[in-house]
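I'll jot down what I look up as I go.

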Amino acid sequence: MIDIHTHVGRIVTDYPPLTPRTLLRRMDRLGIEKAVVLPIENPEEVHYCVPTSDVLRVCRRHPDRLIPFCVTDPRHGVRSDFDVKEVLKRYVDQGCRGFGEYLAGLAVDDPRSLRVYEACQELRLPVLMHLDSYINWDRVGFPGFQRVLKAFPDVPFIAHGPGWWAQISADATDEMAYPPEGASPYVKGPVVPGGPVEKLLASYPNLYADLSAQSAYNALSRDPGYAASLLERFQDKILFGTDYLYPRQPLPIVRFLRDLPISEIARAKILRDNAVRLLGL
Ligand SMILES: [Zn+2]
């Protein structure tokens with residue numbers, strides 16, 4: 001198995017930091033061969049940033065197990081001449097294989113984020129992004145995200161988060177996908193087929209999704225029958241991930257994916273082969 005979505009270090013005040021040792025031990029216990037480690041440099045979602053330099057340092061000590069991604073925030077600098085590509089190029093030269101986790105508190109198609117995606121297109125980096133009410137926000141049906149997907153057809157985008165997964169169902173509303181503060185982003189009940197998630201996965205060859213965090217587990221487990229059909233149909237575009245953030249975090253997605261009645265070919269692609277292909281491992 002390859003986990004496309006993990007973190008290290010301290011991210012929020014509520015949880016102790018996750019050491020590389022704890023991450024590797026959990027990977028060993030779950031049978032995860034390699035993991036992508038995602039830095040966080042956008043302030044909105046977290047209480048502490050985990051810079052790309054920290055992730056590179058950790059991954060350099062375990063090159064056979066940990067794969068570094070890089071990230072930056074296009075709002076750095078008071079003028080508009082911050083050269084995102086220059087910064088990312090240095091990280092790529094040091095071994096980073098993708099961009100993310102992108103957690104900027106901007107609209108999904110904000111011009112500043114478009115500059116980031118343009119740099120990623122030139123550097124051939126996949127982009128792993130979180131979508132919710134505050135981060136890369138949009139409207140139901142993803143009009144903004146679709147503009148991004150069309151504008152950068154050579155960038156593989158890996159979508160994740162409540163704003164993405166709430167739209168698994170065709171009856172999703174703006175209120176469900178982008179709830180106000182205090183309201184749960186985890187929608188319950190059977191999925192109405194034909195939702196924005198499957199429409200976009202079918203329409204955009206450069207779109208992928210990861211199965212990390214409570215958002216993906218909630219979306220799949222609310223209707224396991226629909227989940228099996230979604231994963232079977234989009235077996236080339238869905239990637240296993242955990243969003244492992246703190247020691248002893250429950251990771252119910254691992255057992256869920258082992259037990260889900262899908263073909264063994266689809267399961268192998270989702271658990272491992274898609275990541276190998278996408279990251280050129
Ligand atoms: Zn994450």
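Predicted model: local features only at pLDDT ≥ 70, side-chain atom pairs only at ≥ 80, totals over all residues.

**Entry 1: the sheet**

I began with strands β5 and β6, residues 127-130 and 157-160, and found them paired in the parallel sense over 4 bridges. I picked out Leu-128, and its bridge partner in β6 is Ile-158.

Then I checked the other pairing of β5. β4 and β5 run parallel too, over 2 bridges, and Tyr-102 sits opposite Met-129 of β5.

How does the chain get from β4 to β5? I followed it through helix α4 (residues 111-123), and this β-α-β crossover is right-handed. From β5 the chain goes on through helix α5 (residues 143-151) to β6, again a right-handed β-α-β crossover.

Zooming out, I read the order of the 5 strands as β4-β5-β6-β7-β8, in an open sheet with parallel pairing. β4 (99-102) and β8 (238-239) are the edge strands; each has a single partner, so one side of each has no neighbour in the sheet. A reminder from class: strands of a sheet pair through backbone hydrogen bonds.

**Entry 2: side chains of β5**

Which way do the side chains of β5 point? Val-127 and Met-129 go one way, Leu-128 and His-130 the other, and I found all of them buried.

**Entry 3: the zinc ion**

Next I looked up what holds the zinc ion. Its protein donors are His-5 (NE2), His-7 (NE2), Glu-101 (OE) and Asp-243 (OD), at 2.1 to 2.4 Å. Why do I call the arrangement irregular? The 4 donor atoms subtend angles of 82 to 168 degrees around the zinc ion, and that makes it irregular. For tetrahedral, all angles would have to lie between 85 and 135 degrees.

I wrote the donor spacing down as H-x1-H-x93-E-x141-D. Glu-101 belongs to strand β4, while Asp-243 is in the loop between β8 and α11 (252-259), so this pair links distant parts of the chain, 142 residues apart. Both Glu-101 and Asp-243 are buried.

**Entry 4: the cores**

Last stop was the nonpolar packing. Nonpolar side chains tend to be buried together in soluble globular proteins. The largest nonpolar core here has 88 residues, and Phe-145, Phe-157 and Trp-164 are among those with the most contacts inside it.

I clicked on Trp-164 to see what it touches: beyond four places away in sequence, the list includes Leu-131, Phe-142, Phe-145, Ala-159 and Leu-207. Another core lies apart from the largest one; it has 13 residues, including Ile-4, Leu-38, Leu-278 and Leu-279.

Terms used
Residues numbered from 1 in each chain as written. Heavy atoms only, no water. Pairing = 2+ DSSP bridges. Donors = N, O, S within 2.8 Å, 3.2 Å for Na, K, Ca; no water. Tetrahedral: all angles 85-135°; square planar, octahedral: opposite > 155°, others 65-115°. Buried < 20%, exposed > 50% of the residue type's maximum accessible area, 1.4 Å probe, protein only. Core = buried A, V, L, I, M, F, W, Y, C linked by side-chain atoms within 4.5 Å. Contact = heavy atoms within 4.5 Å. Right-handed = clockwise from strand over helix to strand, strands pointing away.
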